Amino acid sequence: MPEAVSGWRGSQMALRMQRRVVRKNTGELREETTYALTSLQASARQLYALWRGHWEVENRLHHKRDTVLGEDASRSRKGAVGLMYLRDVILSLLHLKKWPVLRSVRKFSANPYPLLKLIRGL
């Protein structure tokens with residue numbers, strides 16, 4: 001699909017993915033269709049791998065930010081992007097230090113000074 005048709009600069013192809021999704025907690029089965037535009041010239045198999053890989057990374061990051069750091073429960077709207085980046089930095093530093101994420105965050109909740117030292121690089 002050329003950009004003249006799609007209206008998106010550089011688009012070469014439109015993708016449609018149809019899949020069946022099973023909800024783990026209820027066993028409910030539903031069909032879902034999603035769409036994407038790309039400028040890549042690749043096979044269907046390569047595009048599928050890229051599409052799935054993107055969401056795997058996104059889901060893994062969001063899951064930790066939400067379950068450990070309570071991102072979805074946050075009521076902050078102003079500065080939300082800055083807080084998201086700060087959460088990502090904290091998670092990255094904990095991974096680099098090979099510290100257990102949940103246990104470390106609980107310790108930082110009680111005493112934030114070690115977290116501040118970690119962020120400052122001391």
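A salt bridge, as the term is used here, is a side-chain nitrogen of Lys or Arg within 4 Å of a carboxyl oxygen of Asp or Glu. By that criterion, a search of the whole structure finds 3 salt bridges.

Before I describe them, a word on the source. The structure is a predicted model, in which local features need pLDDT of at least 70 and side-chain atom pairs count only at pLDDT 80 or more, while totals for chains, interfaces and linings use all residues. Residues are numbered from 1 along each chain as its sequence is written, and side-chain values use heavy atoms, with hydrogens and water left out.

I begin with the strands, which, like the helices, are DSSP runs numbered from the N terminus (E, at least two residues, for strands; H or I, at least four, for helices). Arg19 and Glu32 form a salt bridge through their side chains, at 2.9 Å from N to O. This pair links distant parts of the chain, since Arg19 belongs to strand E1 (residues 13-22) and Glu32 to strand E2 (residues 29-38), 13 residues apart. Glu32 also forms a salt bridge with Arg30, with the closest N and O atoms 3.0 Å apart.

Glu32 is partly exposed because its relative accessible area is 22%. Arg30, at 34%, also counts as partly exposed.

The side chains of Arg20 and Glu31 meet in a further salt bridge, at 3.2 Å from N to O. Arg20 lies in strand E1 and Glu31 in strand E2, 11 residues apart. Both of these residues are exposed.

I turn now to the helices. Helix H3 (residues 80-97) contains Leu86, which is partly exposed, with a relative accessible area of 38%. H3 packs with helix H4 (residues 101-110) at an angle of about 120°, their axes 10 Å apart. The axes are lines fitted to C-alpha atoms, for helices over the stretch in contact, and angles run from 0 to 180 degrees between N-to-C directions.

Finally, Leu118 lies in helix H5 (residues 113-120). Is Leu118 buried or exposed? Leu118 is buried, because its relative accessible area is 9%. Its C-alpha atom is separated by 12 Å from that of Val105, 13 residues away along the chain.

How values were computed: Buried means under 20% relative accessible area, exposed over 50%, partly exposed in between (1.4 Å probe, protein chains only).
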